[in-house]
Amino acid sequence: MKKNYYNFLDLGEQPLANFYIKKKDLGKKEKKYKLKIRFELNSKLVSIEKTFSSKTMFNNEYPYRSSMSKTMKDSFLKLSNEIKKRIKPGKILEIGSNDGSFIKNFNKKKTIGIEPCANVEKITKDKKFNTYPSYWTQDLAKKILKKHGEVDLIYSANTISHIKNLDDVFKAINLILSSKGTLIIEDPSLLECLKGNAYDQFYNEHIYVFSYIALKNLLKKYNLKIYKVDNLDIHGGSLRYFIKKIDQVKMLHESVLIQEKRELKYRLNLSSTYKKFALRVKNSKKKLISIFKKCKKNNKKIIGYGATAKSVTVLNYCGIDSSYIDYFLDTTLDKQKKYTPGTKILIRKYSGSIDNDVDYVFLGAWNFKKEILKKEIKFIKSGGKFIIHTPEPRIL
Ligand code: DWN
């Protein structure tokens, strides 16, 4: 039988992102898998080949907190104000509410948050938000429907792309979204990922990287339709999709057709585009390694900034470990004093500045480049430099 997908990228053996290693476990064998990416010829969906269960990935030791960046907090606040002004929903449900950066902008009585990582959900529960430490499924949707009734708005940022069973996701949404309700989904944009050679958008948690075209195809099955698309700078380029039940969409916003045209112009619907991307990724690896080698040859001290899930892919794919990077700085408490998955680089607490003896900083959190470069102006003025791998590996 003819294959209906095209495997276009092999990012080698990878550990699970967000599985930071405790000092006592440094000698232990890590769980690893082969990270391969595929393009489905019919649905146009791009996904990783080997997946892990949600229970394995999103557990009660999950370290990521969305409130760690001003950029994210500002973005959630701006969207919340837009929702209040334009949509004026009654009840709001967020799938993947993390530490509450979005729901905190609304009246507690109006919001319901779903966050499967119990350690993260505890943060909002302790602040008396109505949150559930559960995975988003039809069973949960039924339970919430019984208790709270239908909701007028469902928001989900950087979560739907993390759930393998999309059939269950959208059926669950349809169970609880009111007939005139709005669904807003936000996830990294495949177009921007390809344009920016941001191959680090692929790791075990990002089961899918959506394009407008693929999501549109998928939503049809569930009687849902995208009526507006916002292009955001967030996470290196994200798309925010505004969706309603098909019979509620009277007119499409011009942004929908513009996005579709952009994606077709870039040929996101053709395998050849992904083949070219894979070649660029191989070149990117060579270039990044040569930058690191050159710096080390000149006895320069390199550290990392932002121990992101994304950087796990880059470091492991390029074989950049603690022989190149002395340590990472990160503001996230649950990452500090631990080591990066696979490459075992120590993560240190960020205490307000970069040490004077540092020559180069590898920007793991390149998606917050603007915010970080602004904050580190003193380091830059004193001659410090940043290394970045997207869109091309280079020294800033
Ligand atoms: O999709 C996902 C996104 C939203 O978050 C998840 N699968 C996991 C996670 O991915 P990530 O780790 O690649 O996300 P971020 O938001 O790029 O991570 C930024 C990291 O950098 C955090 O650990 C916080 C840190 N940071 C810092 O130390 N100083 C960030 C900023 C802005 C800073 O100034």
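Close-up 1. Tyr-274 is buried, with a relative accessible area of 0%. This is a predicted model, and it holds 19 aromatic pairs. One of them joins Phe-8 and Tyr-274 in a tilted arrangement, 5.0 Å from centre to centre and with 50° between the planes. Phe-8 belongs to strand S1 (residues 5-15) and Tyr-274 to helix H9 (residues 271-297), so this pair ties together parts that sit 266 residues apart in sequence. Phe-8 has 7% relative accessibility, and since buried means under 20%, Phe-8 counts as buried too.

Close-up 2. Helix H9 supplies Phe-292 and strand S15 (residues 360-363) supplies Phe-362, so to speak a link between distant parts of the chain, 70 residues apart. Both of these Phe residues are buried.

**Close-up 3. Charged side chains over aromatic rings.** Two spots are shown here. At one, Lys-228 lies over the face of Phe-242, 4.4 Å from the ring centre. At the other, Arg-348 puts its charged end over the ring of Tyr-327, at 3.9 Å from the centre of that ring.

**Close-up 4. Helix H7 packing on helix H8.** H7 (residues 212-220) and H8 (residues 254-265) pack with their axes 9 Å apart, at an angle of about 120°. That angle is why the two helices, H7 and H8, are oblique to each other. On the H7 side, Tyr-212, Ile-213 and Lys-216 make the contact; H8 brings Val-256, Gln-259, Glu-260, Glu-263 and Leu-264. Sorted by class, the contact between H7 and H8 comes out as four nonpolar, one polar and three charged residues.

**Close-up 5. Ile-83 and its surroundings.** Ile-83 sits in helix H2 (residues 70-87). With 1% relative accessibility, Ile-83 counts as buried. Who's in contact with Ile-83, leaving aside its neighbours within four places in sequence? The list runs Lys-88, Pro-89, Phe-102, Phe-106, Leu-153 and Ile-184.

Technical notes:
Residues numbered from 1 in each chain as written. Predicted model: local features only at pLDDT ≥ 70, side-chain atom pairs only at ≥ 80, totals over all residues. Heavy atoms only, no water. Phe/Tyr/Trp six-rings, centres within 6.5 Å; stacked < 30°, edge-to-face > 60°. Helix = DSSP H or I, 4+ residues; strand = E, 2+ residues; numbered from the N terminus. Buried < 20%, exposed > 50% of the residue type's maximum accessible area, 1.4 Å probe, protein only. Lys NZ or Arg CZ within 6 Å of the ring centre and 35° of its normal. Axes fitted to C-alpha atoms, helices over the stretch in contact; angles between N-to-C directions. Parallel < 35°, antiparallel > 145°, perpendicular 65-115°, else oblique. Contact = heavy atoms within 4.5 Å. Nonpolar A, V, L, I, M, F, W, Y, C, P; charged D, E, K, R; others polar.
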